[in-house]
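I am opening a notebook on a structure that I have not looked at before. My plan is to look up a few features one after another and to write down what I find for each.

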Amino acid sequence: QLSCLLKMVTLHGVPKDLDSYPTDLLLFLSPSDYAATGSCSQFFINVGKANVDVLPREAPRRQQLLLEALACLKIPGTQINEENAELLGRLVCDLGGEYIRSSGGSLLKDLSQCGSFLPEQEEAIRDIISSGNTTFGPPAVWSAFTLSELSGLIPVLDHSILQQIPK
């Protein structure tokens with residue numbers, strides 16, 4: 001439906017008020033199409049607010065969006081800082097384990113908004129949390145506030161991490 005709606009909206013070119021349309025619509029648009037109305041970084045800020053789960057995780061379009069976002073934000077290598085993670089929004093949910101490990105704890109809060117993870121992502125999250133080298137510190141010093149901040153990651157935590165968290 002969104003793809004069809006986009007065809008109708010862009011029938012006579014990309015409208016100048018594209019930002020007033022639902023963000024989910026942008027998932028089917030390319031950054032170059034959006035260029036007339038704004039920058040690629042603005043495009044991905046808006047895409048990051050969209051419900052990327054409209055596209056299946058393995059969908060080529062969803063993978064292409066992540067690659068284009070990384071290129072647009074000029075992210076060298078696999079390390080992503082908190083500012084870029086914020087710009088990526090829900091696209092952080094598609095970052096591979098190597099990105100999660102390289103970025104240390106800077107992705108944890110953003111990753112906690114993801115609905116599900118691939119096994120390699122789960123393993124990387126556990127490795128980062130177990131290291132204790134995050135802004136949240138090791139699980140042994142976590143508070144109820146920390147658990148609230150990372151609530152979406154709780155299903156990923158294994159017994160060895162859970163038993164360290166103070167009661």
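This is a predicted model: local features need pLDDT of at least 70, side-chain atom pairs count only at pLDDT 80 or more; totals for chains, interfaces and linings use all residues.

I then looked up which elements give two or more residues to the lining, and found α4 (60-72) and α8 (119-131). Of the elements, α4 gives the most, with four residues. Sorted by class, the lining of the largest pocket holds six nonpolar, three polar and four charged residues.

**Disulfide.** Next I asked how many disulfides the structure holds, and the answer is one. The partners are C93 and C114, with their sulfur atoms 2.0 Å apart. I noted that C93 lies in the loop between α5 (82-88) and α6 (97-102), while C114 lies in the loop between α7 (108-111) and α8, so the pair ties together parts that are 21 residues apart in sequence. Are the two cysteines, C93 and C114, buried or exposed? C93 has a relative accessible area of 3%, which makes it buried, and C114, with a relative accessible area of 6%, is buried as well.

**Aromatic rings.** I went on to look for aromatic pairs, and the count comes to one. The pair is F43 with F44: the ring centres are 4.9 Å apart and the planes stand at 80°, so I recorded the pair as edge-to-face, the cut-off for that label being an angle over 60 degrees. I also looked up the burial of these residues, and both F43 and F44 are buried.

**I165.** My last entry concerns I165, which lies in the segment after α10 (159-162). The relative accessible area of I165 is 13%, and since buried means under 20%, I165 is buried. Which residues is I165 in contact with, once its neighbours within four places in sequence are left aside? I found P139, W142, L147 and L157.

Technical notes:
Residues are numbered from 1 along each chain as its sequence is written. Side-chain values use heavy atoms; hydrogens and water are left out. Ala, Val, Leu, Ile, Met, Phe, Trp, Tyr, Cys and Pro count as nonpolar, Asp, Glu, Lys and Arg as charged, and the others, Gly among them, as polar. A disulfide is a pair of cysteine sulfur atoms within 2.5 Å. Buried means under 20% relative accessible area, exposed over 50%, partly exposed in between (1.4 Å probe, protein chains only). Rings of Phe, Tyr and Trp (its six-membered ring) pair if their centres lie within 6.5 Å; planes under 30 degrees apart count as stacked, over 60 as edge-to-face and the rest as tilted. Contact means heavy atoms within 4.5 Å.
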